[in-house]
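Colleague: Please take a close look at one part of this model, the packing around a single side chain. Keep it plain, as I have not seen this structure before.

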Amino acid sequence: MMSSEKGRESGEGSSRPTGADQPPPQLSRYESQKRRDWNTFGQYLKNQRPPIAMSQCNYNHVLDFLRYLDQFGKTKVHFQGCVFFGQPDPAGPCTCPLRQAWGSLDALIGRLRAAYEENGGLPEMNPFASGAIRVYLREVRDSQAKARGIPYKKKKKKRNHMKANEDTSTFQIPPA
């Protein structure tokens, strides 16, 4: 090893502070997954023919990426003609495809949406925030729920409404 390389390894001649030998702080599980997802999407764009720069990426590329990911899915989604279509607990195996679960795709888009802006993308140009992505996710959710026989119902927020005819006080106004 040459002496100049030895000096670089030990930190000589660098502008780093003396505590630079300490490892960076541990990322949260979410942050690690977000970084991994961002890198995976970036690699997907690079592997396209011709390669696509992140600045040229639009919602169509995101949709293609989501469809590409289906081949790695683990959720059985029954076709309309399958004997198990609409059954929450099928009695046996079938040849229907495995797909990415809606919840996984929804979480992935949330992480990529955040990562896009953290990596310098403008919020108004964010391809992960496109209405077309929301429509696609809704269609995936609905079709998977129908295929499994489990209707998806959005949970309604509980509101503390008082009934109009309910007496809210003990004070009575005498008739005039």
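Modeller: Start at Val62, which is in contact (heavy atoms within 4.5 Å) with Phe41, Cys57, Ile109, Pro127, Phe128 and Ile133, its neighbours within four places in sequence left aside. The model is predicted, so local features need pLDDT of at least 70 and side-chain atom pairs pLDDT 80 or more, while totals for chains, interfaces and linings use all residues. Residues are numbered from 1 along each chain as its sequence is written, and side-chain values use heavy atoms, without hydrogens or water.

Val62 also belongs to the largest nonpolar core, where Phe41, Val62 and Phe128 have the most contacts among 22 residues. Such a core is a set of buried Ala, Val, Leu, Ile, Met, Phe, Trp, Tyr and Cys residues joined through side-chain atoms within 4.5 Å. Two or more residues of this core come from each of helix H2 (29-46), helix H3 (59-69), helix H4 (102-118) and helix H5 (131-148). Helices here are DSSP runs (H or I, at least four residues), numbered from the N terminus. H4 gives the most to this core, six residues.

The structure has zero disulfides (pairs of cysteine sulfur atoms within 2.5 Å). For Cys94, in no disulfide, the nearest cysteine sulfur belongs to Cys96, 3.7 Å away. Cys96 is likewise in no disulfide, and the nearest cysteine sulfur to it is that of Cys82, at 3.6 Å. Cys96 counts as buried because its relative accessibility is 6%; buried means under 20% relative accessible area, exposed over 50% and partly exposed in between, with a 1.4 Å probe and protein chains only.
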